[in-house]
Amino acid sequence: MSPLKAGDKAPQFSLLDQNSKTINLSDFKGQRVLVYFYPKAMTPGCTIQACGLRDAQSELNNVNVKVLGMSPDTPEKLSRFVEKERLNFTLLSDIDHQVAEQFGVWGEKRFMGKTYDGIHRISFLINPQGDIEHVFDQFKTRDHHQIVLDYVKQH
């Protein structure tokens with residue numbers, strides 16, 4: 001696994017959101033976009049991370065950052081996650097993990113003695129020109145939103 005780095009061109013993608021509507025990265029051209037990868041909707045860590053971003057949404061809007069969450073869940077499961085947690089941003093379904101692979105966040109993981117392939121919890125801030133501005137890979141789920149906010153307010 002080799003995640004993309006700051007300065008790399010962000011891979012273009014087209015995926016279904018929680019409403020089974022096609023969303024393209026190019027839809028956000030000229031804007032800053034936080035693409036955050038998470039392993040699985042409705043699990044404890046992913047819920048804490050998503051709710052932090054939900055609660056920080058107005059602050060993120062104030063600094064012109066759009067949020068796109070991405071996991072290998074189906075649009076139907078993402079819809080339930082959005083409804084249950086009242087999420088106020090777009091979730092994308094990367095069922096075959098092709099986009100995760102393009103960003104370099106799909107790879108070997110270990111959990112409770114088992115080894116398997118999955119999404120690593122890494123976020124990418126994409127600048128208005130479509131380049132990766134910053135990579136967030138050192139955070140706890142509960143402070144992810146604050147680390148992102150702190151960065152964007154300083155840059």
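**Reading the fold and helix 1**

Q: In what order do the elements of the protein run from the N terminus on?

A: Helices (H or I, at least four residues) and strands (E, at least two) are DSSP runs, numbered from the N terminus. Here the order is β-β-β-α-α-β-α-β-α-β-β-β-β-α. That gives five helices and nine strands. This is a predicted model: local features need pLDDT of at least 70, side-chain atom pairs count only at pLDDT 80 or more, and totals for chains, interfaces and linings use all residues. Residues are numbered from 1 along each chain as its sequence is written, and side-chain values use heavy atoms, without hydrogens and water.

Q: What share of the residues is buried?

A: Buried means under 20% relative accessible area (1.4 Å probe, protein chains only). In the protein, 48% of the 155 residues are buried.

Q: Which residues of helix 1 are buried, and what do they pack against?

A: Helix 1 covers residues 44-55. Its buried residues are Cys46, Thr47, Gln49, Ala50, Cys51, Gly52 and Leu53. They pack against strand 3 (32-37), helix 2 (57-62), strand 4 (65-71), helix 3 (75-85), strand 8 (123-126) and helix 5 (144-154). Contact means heavy atoms within 4.5 Å.

Key:
Buried means under 20% relative accessible area, exposed over 50%, partly exposed in between (1.4 Å probe, protein chains only). The expected span of a helix is 1.5 Å times one less than its number of residues.
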